[in-house]
Amino acid sequence: MIHSLKPSGPNSTGRPKITWKGANGAFYLEIPSSPLVIANVLSGFDQDFDCLFSGSPSSSLENDDGWAEVNVVETRAPPSVSTSGSFQPPQAASIPGKLPVVDALSRPTELFKATTPYVLMVDASSLPLNIHGSHEPSLQLLASYLKKWAKTNSNDSLKVRTFLSDETHDLTRKHDNSDLY
Amino acid sequence: MSYNPLFIHLCTYKPIDHRPLKIRADIRDKWDSPKAEIHSTIASLKQTLGYKIVPQVQWPLLYNVLREQYADKGTFVPAISRVVEAFYERLSARLENEATAEWTDQLLGELAKKSKWILEIEVRNTTYLQ
């Protein structure tokens with residue numbers, strides 16, 4: 001559910017896929033190397049079963065009128081629907097038939113680390129400037145940037161680090177966000 | 001006489017298991033354990049289908065490729081298990097669906113050709129392997 005908010009990641013390629021080789025006595029479940037979205041998994045499996053023998057979707061499912069059928073029809077839409085780069089309101093197809101199990105969810109401090117948008121809070125009302133963020137690599141980059149470009153004015157007895165001429169931003173103090181959640 | 005550790009490693013010729021303890025413990029408790037949810041979904045499909053499809057997961061390979069997505073190691077085994085359970089659940093549901101009766105007949109015909117069936121769980125993008 002959470003990962004479905006990601007603007008990237010067309011779910012047609014990022015979902016697990018079922019194939020079948022009768023001669024080997026085996027079904028194959030391919031796990032993608034992109035994050036798993038359980039709602040896509042379920043409707044995708046229905047599609048895969050449709051194509052298991054024929055290689056093309058069978059028409060028999062279209063007479064069915066359960067939730068599963070709604071998902072199947074929706075996900076057969078052209079890929080352009082699912083690859084849209086903007087945020088979309090939830091569609092019928094994205095209503096999860098099953099929620100993730102509790103054990104599959106990360107602990108609170110990890111849960112939002114992998115998802116966008118990240119939270120960035122800048123408190124410029126005091127010195128030093130305080131920046132809180134939910135994405136640690138971004139904070140590290142920002143800290144390195146400020147460290148690189150901040151200059152100490154040797155004429156200033158307070159040794160405040162500045163940028164360009166006389167801006168009075170101090171070197172930011174980096175905080176991990178772990179206490180936010 | 002002293003041995004270079006690398007030399008000893010090459011001699012034993014055993015791949016190093018990079019899986020953290022948490023992953024191995026989860027495989028033991030949430031996958032291999034008879035109490036694990038996966039076993040009831042397998043049994044449930046077997047009851048409907050008449051055939052047991054045995055899942056086979058290459059855990060070390062899978063974890064090696066997917067580790068970066070699972071910073072919280074405790075979520076890895078449950079997430080993979082959930083997907084595998086979904087296979088059994090969707091297949092069971094499909095077999096009970098009147099609308100796909102023709103498909104079910106076809107499946108039964110194919111399954112009758114062999115006595116042993118497996119579900120091989122693989123990673124799609126093997127170029128990620130190092």
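Modeller: Before any angle, the convention. An axis is a line fitted to C-alpha atoms, for a helix over the stretch in contact, and angles run from 0 to 180 degrees between N-to-C directions. The model here is predicted.

Biologist: Then take the helix. What does α4(B) lie across, and how does it run to β2(B)?

Modeller: α4(B) lies across β2 of chain A and across β1 and β2 of chain B. The angle of α4(B) to β2(B) is about 25°.

Biologist: Strands of two chains, then. What is the strand order of the sheet?

Modeller: Read the order as β1(A)-β2(A)-β2(B)-β1(B). The sheet is open, has four strands and shows mixed pairing. At the edges stand β1 (17-21) of chain A and β1 (53-57) of chain B. Each has a single partner strand, so one side of each is left without a neighbour in the sheet. From one strand to the next, the twist averages 25°.

Biologist: How do I read the pairing? In which sense do β1(A) and β2(A) pair, parallel or antiparallel?

Modeller: Two strands pair if there are at least two bridges between them. β1(A) and β2(A) have five, in the antiparallel sense. As an example, W20(A) has F27(A) in β2(A) as its bridge partner.

Biologist: Now the whole contact between the chains. How many residues does each chain give?

Modeller: Contact means C-beta atoms within 7 Å. Chain B gives 40 residues and chain A gives 36. On the chain B side, four elements supply at least two residues each: α4 (59-66), α5 (76-95), α6 (101-111) and β2 (117-123).

Biologist: Which element of chain B has the largest share?

Modeller: α5(B), with 12 residues.

Biologist: What is the make-up of that side by class?

Modeller: The side of chain B that touches chain A has 22 nonpolar residues, 12 charged and six polar.

Biologist: Last, chain B as a whole. How many helices and strands does chain B have?

Modeller: Six helices and two strands. From the N terminus, the elements run α-α-α-β-α-α-α-β.

Biologist: What percentage of chain B is buried?

Modeller: Buried takes 20 or more other C-beta atoms within 10 Å. In chain B, 25% of the 130 residues are buried. For sequence range, take the contacts in chain B between residues at least 6 apart: 85% of these join residues at least 24 apart.

Methods
Residues are numbered from 1 along each chain as its sequence is written. Chains are lettered from A and ligands numbered from 1 in the order in which they are written. This is a predicted model: local features need pLDDT of at least 70, side-chain atom pairs count only at pLDDT 80 or more; totals for chains, interfaces and linings use all residues. Two residues are in contact if their C-beta atoms, placed from the backbone, lie within 7 Å. Ala, Val, Leu, Ile, Met, Phe, Trp, Tyr, Cys and Pro count as nonpolar, Asp, Glu, Lys and Arg as charged, and the others, Gly among them, as polar. A residue is buried if 20 or more other C-beta atoms lie within 10 Å of its own, exposed if 12 or fewer, and partly exposed in between; C-beta atoms are placed from the backbone.
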